[in-house]
Amino acid sequence: MEEWQNGHDQPGYHYHQEQERKPVETPGKRFWKMWGPLLIKWGIGIGVGMAVMAAMMMAYMKTHYQTQAALEALMSDQNKLMAFYEKMLNKYIDYTTWVEGLSALVTIPVMALMYHGDRKKEKTAGIVQDKKAPLWQYPAVIIMALAMSLGLNNLIIIGNLSAIDANYKATMNAMYSAPLAIQIVCLAVLVPICEEYVFRGLFFRRMERESSFVYAMVYSSVVFGILHVNLVQMLYGFALGMMLAYVYEKYGSLKAPVAAHMSMNLLSVLATRYGLYNWMLKDNIRIGIITVVCAAVASTMFVIIQRIEEKPIKKKENENLTM
């Protein structure tokens, strides 16, 4: 009788005892396998940003510097040129949400190809993935994500952490200055899908295969937090990165962290737009009670999710069931 076993004694991939044969990898190949998705995402983001900035500059010059003489006057005056660049930069910042959405839209197909390529390689190698949780269990992860997001944002507000890092406030102002429809499409749909492909579907999953579930979850969450640049979002991103990696593992599908991430971002967009945080902040007791309720709800949903059996049914068990 053949049996399946977990190579790392952790939730996650389950390997066939005889079929697993890991090829020897050079340091460069190993580095690219782990960090390639992030570098590609970063490169696409820079490329899209540069393209948008160039288009903005060309459009502005075409409108305000219609003659060759006016353009030469701009180029010959250092002060005017610096003022022009500063104006373009400020205008570019106003379109941060648009750029983020466009970058995600370009990145998603690339990451999807890499993600499905990994799944094909696993199938060829005889790797059995965890069972996929049924759809009726998805409300638990969405509720937990919403409770965690609201509770953590409340802690940030109560602790006045935004005052510690000026970049956090500037980033939030830029992200939430776009029209509501654009915020929903870009921040609550495209960006979560893109980030889940990169950080959970590729970076976390590849690292787990090489190490263990716990190590991959912590390490990928640290990277996820750091890449949010400012201190407040680093802490927020690390906590939510841990949760997203865990639900990906338990649900056996990238749809789970995508649904959770989209729910959290949509909540942030709508709560900011309609002043939910300002309303809670007006009464310390109110925001305190809501935060405690969020912690209780998130903990309850975590217990429910923890009971999901993600390990694949062993082949031996299947045979016994059919006898």
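The protein exposes about 17900 Å², with 65% of that supplied by carbon and sulfur atoms (areas come from the Shrake-Rupley method with a 1.4 Å probe, and for residues only the protein chains shown count as cover). The model is a predicted one, in which local features need pLDDT of at least 70 and side-chain atom pairs count only at pLDDT 80 or more, while totals for chains, interfaces and linings use all residues. Residues are numbered from 1 along each chain as its sequence is written, and side-chain values use heavy atoms, leaving out hydrogens and water.

As for the overall build, the protein has 13 helices and two strands (DSSP runs numbered from the N terminus, helices being H or I of at least four residues and strands E of at least two). Of its 323 residues, 42% are buried (under 20% relative accessible area, with exposed meaning over 50% and partly exposed in between; 1.4 Å probe, protein chains only). Among contacts between residues at least 6 apart in sequence, 79% join residues at least 24 apart, a contact being heavy atoms within 4.5 Å.

Now to the rings. Phe, Tyr and Trp (its six-membered ring) pair up if their ring centres lie within 6.5 Å; planes under 30 degrees apart count as stacked, over 60 as edge-to-face and the rest as tilted. By this rule there are 14 aromatic pairs. In one of them, the ring centres of Trp-35 and Phe-203 are 5.0 Å apart and the planes sit at 55°, so the pair is tilted. Because Trp-35 belongs to helix α1 (residues 27–64) and Phe-203 to helix α7 (residues 180–210), this pair ties together parts 168 residues apart in sequence. Trp-35 is partly exposed, at 25% relative accessibility, whereas Phe-203 is buried at 0%.

Phe-204 and Tyr-248 make another tilted pair, with ring centres 6.1 Å apart and planes at 55°. Here too distant parts of the chain are linked: Phe-204 is in helix α7 and Tyr-248 in helix α9 (residues 231–251), 44 residues apart. Phe-204 is buried at 0% relative accessibility, and Tyr-248 is buried with a relative accessible area of 2%. Both rings belong to one aromatic cluster, together with Phe-213, Tyr-246 and Phe-302.

Arg-205 lies over the face of Tyr-248, 4.4 Å from the ring centre (the cut-off being NZ of Lys or CZ of Arg within 6 Å of the ring centre and within 35 degrees of the ring normal). Elsewhere, the charged end of Arg-119 sits over the ring of Tyr-115, 4.4 Å from its centre.
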